[in-house]
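Take a look at the sequence and the model below.

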Amino acid sequence: MRAILLVSHGSRSFKTKEEISVLANILRQSLPEDLIEFAFLEIERPSIPEGIDKCVSEGAAEIVVTLNFLNSGRHVDVDIPAIVLAAQKKYPQVEFAISQPIGQHPQIPNLFIDLINNV
């Protein structure tokens, strides 16, 4: 089974976790054959290692770490890959992949145009 682990930064704001939960539910409806979970780099729980553990305990053979980060930076380029590398060592039977940050998706300019036009 493939698991999608939606990874966000984390925030002290309750609203952030609620928004991510809503997004995860939408993804569950759109990708019913995949296990969809979410995790946070810091501040909020579940942590990324906890999210990975949950995916594995649910039977995931593949985990796609999907970055809910706009751009590259220390977290995207160093911190998250290090966490995933540790998980690969812990779970060598599981295949891991990490997405690009969302800001590198080719549809992002269209999203910004839509936001600008609907202010």
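Is E37 buried or exposed? E37 is buried, with a relative accessible area of 11%. Buried means under 20% relative accessible area, exposed means over 50%, and partly exposed lies in between (1.4 Å probe, protein chains only).

The model is predicted: local features need pLDDT of at least 70, side-chain atom pairs count only at pLDDT 80 or more, and totals for chains, interfaces and linings use all residues. Residues are numbered from 1 along each chain as its sequence is written, and side-chain values use heavy atoms, with hydrogens and water left out.

**Helix α2**

Helix α2 spans residues 48-57. Helices (H or I, at least four residues) and strands (E, at least two) are DSSP runs, numbered from the N terminus. Five names matter here: I48, G51, I52, C55 and V56 are buried in α2. They cover an arc of only 135 degrees around the axis, so they sit on the same side of α2. That arc is taken from the directions from the helix axis to the C-beta atoms.

What covers these buried residues? The cover includes the strands β1 (2-8), β2 (35-40), β3 (62-67) and β4 (95-98), and also helix α3 (74-90). Contact here means heavy atoms within 4.5 Å. After α2 comes G59, whose phi is positive, near 105 degrees.

**Salt bridges**

Side chains of opposite charge can pair when their charged atoms come close. A salt bridge is a side-chain nitrogen of Lys or Arg within 4 Å of a carboxyl oxygen of Asp or Glu. How many salt bridges does a search of the whole structure find? It finds 6.

| Pair | N to O distance | Relative accessibility |
|---|---|---|
| E37 and K54 | 3.5 Å | E37 11%, K54 41% |
| R45 and E50 | 2.0 Å | R45 53%, E50 27% |
| D53 and K90 | 3.1 Å | D53 28%, K90 52% |

Start with E37 and K54, whose side chains meet in a salt bridge. K54 is partly exposed, whereas E37 is buried.

Next come D53 and K90, which also meet in a salt bridge. D53 counts as partly exposed, and K90 counts as exposed.

Last, R45 pairs with E50. R45 counts as exposed, while E50 counts as partly exposed.
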